[in-house]
Amino acid sequence: MTQDELKKAAALAALDYIEDGSIVGVGTGSTVNHFIDGLAGMRNRIRGAVSSSEASSKRLAAHGIQVFDLNDIDSIPVYVDGADEIDGGFAMIKGGGGALTREKIVAAVSKRFVCICDASKRVLTLGRFPLPVEVIPMARSHVARELARLGGEPRLREGFVTDNGNLIVDVHGLAISDPVSTETRINQIVGVVTNGLFAERGADLLLLAGSQGVERLQ
Ligand code: 5RP
């Protein structure tokens with residue numbers, strides 16, 4: 001199977017966890033795009049969705065799925081999203097698509113985080129994938145200096161602006177042995193909106209697609 005076929009298999013497995021009549025939390029990325037396409041087949045069974053990016057909102061709307069403003073919703077039973085890396089404790093690096101801040105916000109409101117991945121995303125230690133950090137534009141140089149002090153190599157994502165009007169700095173070369181403390185430490189740098197470590201609130205369920213099928217891990 002190709003990587004995209006594996007992504008699709010993981011994404012479609014997540015449909016089993018969607019509650020009838022509920023609002024679904026929807027992440028961002030190529031794996032989630034398969035999930036959105038699958039969700040379209042059961043759109044009459046859900047109330048609608050809260051989305052983590054303009055791209056996902058557009059795709060949901062194109063399928064006739066109503067997209068709600070998060071501020072009008074008290075709680076979301078299930079949030080479905082992909083990851084760039086996920087470790088054994090279900091801490092993740094996310095934000096390869098630059099949607100990390102809204103993803104973290106929707107995940108925070110959701111009762112259950114269902115992570116959908118192909119097997120290549122599973123790692124022992126997070127950090128091979130460059131850690132995305134969303135930054136207020138005027139703080140770009142200050143934040144980059146502070147990130148370099150942590151031992152990584154910060155690189156501005158050229159030509160990219162987030163849905164929130166901010167910049168992304170990708171930090172290369174970090175070996176993240178304590179994801180919770182690294183997440184907290186980076187978020188304390190003035191000018192950082194948030195970083196792509198999802199450790200404080202990791203995934204609750206991992207649907208991991210490999211050549212043998214989809215493993216359901218929790
Ligand atoms: C976007 C994300 C994505 O979930 C992550 O980048 C994985 O993407 P893909 O499903 O395309 O491999 O965090 O901000």
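Which of the 17 residues around the ligand come nearest? The views below cover this site and the sheet. This is a predicted model, in which local features need pLDDT of at least 70, side-chain atom pairs count only at pLDDT 80 or more, and totals for chains, interfaces and linings use all residues. Residues are numbered from 1 along each chain as its sequence is written, and side-chain values use heavy atoms, with hydrogens and water left out.

**View 1. Residues around the ligand.** S30, T31, D84, G95 and K121 come nearest among the 17 residues around the ligand (near: a heavy atom of the residue within 4 Å of the molecule).

View 2. Polar contacts here are pairs of N or O atoms within 3.5 Å. A ligand oxygen lies 2.6 Å from a side-chain N or O atom of T31. For E103, a side-chain N or O atom is 3.1 Å from an oxygen of the ligand. The protein buries 91% of the 380 Å² that the ligand exposes when taken alone (Shrake-Rupley method, 1.4 Å probe).

**View 3. The open sheet.** Six strands (DSSP E runs of at least two residues) form a mixed sheet in the order β2-β1-β3-β6-β12-β13; pairing requires at least two DSSP bridges between two strands. β2 (48-51) and β13 (213-217) are the edge strands, each pairing on one side only.

**View 4. Pairing of β3 with β6.** Strands β3 (residues 76-81) and β6 (residues 110-118) pair in the parallel sense over five bridges. In this pair, I76 of β3 stands opposite S110 in β6.

Methods
Helix = DSSP H or I, 4+ residues; strand = E, 2+ residues; numbered from the N terminus. Polar contact = N/O pair within 3.5 Å; in protein donor to acceptor, adjacent residues only side chain to side chain.
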